[in-house]
Amino acid sequence: MEHVKTYNALELKHKNGDLIIEGPIRTSDLESYAFHEGLVAFRAPAQQQKALIGISKLPEGRIIVARERDQIVGYVTYLYPDPLERWSEGNIENLIELGAIEVIAKYRGGGVGKALLEVSMMDDAMEDYIVITTEYYWHWDLKETKLNVWEYRKVMEKMMQHGGLEYFATDDPEICSHPANCLMARIGKRIKQEDVQRFDSLRFKNRFLY
């Protein structure tokens, strides 16, 4: 599969400063931008920037960023699912995962996450993909936001809907381990029915139990 990537951008007016939302961005741009020290949800900022640079070098990898001048203050990543997860077992070449989305505290609540997803889907090539995201409550910043798991889940679902992602049921044990966890997905307009069926077979590997 050829992974076509077309750059898009928009300017977002935020009460704490204007931002550029852009991507998929090139590896060279990721290497030249500063990485805000508040981006710590998954690992230390320097390590996370290194991880994003690695993703940008993958054939399917896509990085959309929120940028304040030359500093990255938010991002969303897309890449093939982890080989250790069930979502990679079907070897569906047009299934990619929204692996991470993060925005620094200063710019939360101003539509930055929504804008990252909207810019992601401006690329017509996204209609050739099944895009999934697995939401686990232990990744959520409940302490900083002061939301409970259900309030945060509602916020996440609403934000993901701006990228066209919807709730999908699954029997995946890790997702089923807590009722707040969920699978969301977006089926591109050009996805064939047989690929939808292959995705369904991944969602329910224990279908005989139901």
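## Salt bridges and the basis of the model

The structure holds 15 salt bridges, a salt bridge being a side-chain nitrogen of Lys or Arg within 4 Å of a carboxyl oxygen of Asp or Glu. This is a predicted model, in which local features need pLDDT of at least 70 and side-chain atom pairs count only at pLDDT 80 or more, while totals for chains, interfaces and linings use all residues. Residues are numbered from 1 along each chain as its sequence is written, and side-chain values use heavy atoms, with hydrogens and water left out.

One of the salt bridges joins the side chains of Asp18 and Lys13, at 3.1 Å from N to O. Asp18 is partly exposed at 40% relative accessibility, whereas Lys13 is exposed at 61%; here buried means under 20% relative accessible area, exposed means over 50%, and partly exposed lies in between (1.4 Å probe, protein chains only).

## Salt bridges between distant parts of the chain

Asp171 and Arg86 form a salt bridge whose closest N and O atoms are 2.8 Å apart. This pair links distant parts of the chain, 85 residues apart, with Asp171 in the loop between strand S8 (166-168) and helix H6 (173-176) and Arg86 in the loop between S5 and S6; helices (H or I, at least four residues) and strands (E, at least two) are DSSP runs, numbered from the N terminus. Both Asp171 and Arg86 are buried.

A salt bridge also connects Arg190 with Asp124, the closest N and O atoms being 2.9 Å apart. Arg190 lies in the loop between S9 and helix H7 (193-203) and Asp124 in the loop between H3 and strand S7 (130-135), so the pair ties together parts that are 66 residues apart in sequence. Arg190 is partly exposed at 42% relative accessibility, and Asp124 is partly exposed at 49%. Elsewhere, salt bridges that share partners join Glu11, Lys13 and Asp18 into one network.

## Glu127 and its contacts

Glu127 also lies in the loop between H3 and S7, and at 9% relative accessibility Glu127 counts as buried. Its side chain makes a polar contact with the side chain of Arg186 at 2.6 Å, where a polar contact is a pair of N or O atoms within 3.5 Å; within protein, one must be able to donate a hydrogen and the other to accept it, and residues adjacent in sequence count only if both atoms are side-chain atoms. With neighbours within four places in sequence left aside, Glu127 is in contact (heavy atoms within 4.5 Å) with Arg186, Gly188, Lys189, Arg190 and Ile191.

A nonpolar core is a set of buried Ala, Val, Leu, Ile, Met, Phe, Trp, Tyr and Cys residues joined through side-chain atoms within 4.5 Å. The largest such core has 47 residues, of which Ile21, Tyr78, Ile101, Val112, Leu116 and Met160 touch the most other members. Elements that each supply at least two residues of this core include strand S2 (19-23), strand S5 (71-79), helix H3 (112-120) and helix H5 (149-161), and S5 gives the most, with six residues. Apart from this core lies another, of 14 residues, among them Tyr136, Leu183, Ile191 and Phe199.

Helix H3 is mostly covered, since seven of its nine residues are buried, namely Val112, Gly113, Ala115, Leu116, Leu117, Val119 and Ser120. What covers these buried residues includes strand S1 (8-12), S2, S4, S5, S6 and H5. Leu116 touches Ile21, Ile64, Val65, Ala66, Gly74, Tyr75, Val76, Ile101 and Val103, not counting residues up to four places away in sequence.

## Aromatic rings

There are six aromatic pairs, where rings of Phe, Tyr and Trp (its six-membered ring) pair if their centres lie within 6.5 Å, and planes under 30 degrees apart count as stacked, over 60 as edge-to-face and the rest as tilted. Tyr136 and Trp138 form a stacked pair, at 5.1 Å centre to centre with 0 degrees between the planes; Tyr136 is buried at 5% relative accessibility, whereas Trp138 is partly exposed at 39%. The ring centres of Tyr137 and Trp138 are 5.2 Å apart and their planes stand at 70 degrees, so this pair is edge-to-face.

Trp87, Phe168 and Phe199 form one aromatic cluster. Arg86 lies over the face of Trp87, at 5.8 Å from the ring centre, and Arg203 lies over the face of Phe199, at 5.7 Å from the ring centre; a charge sits over a ring if NZ of Lys or CZ of Arg is within 6 Å of the ring centre and within 35 degrees of the ring normal.
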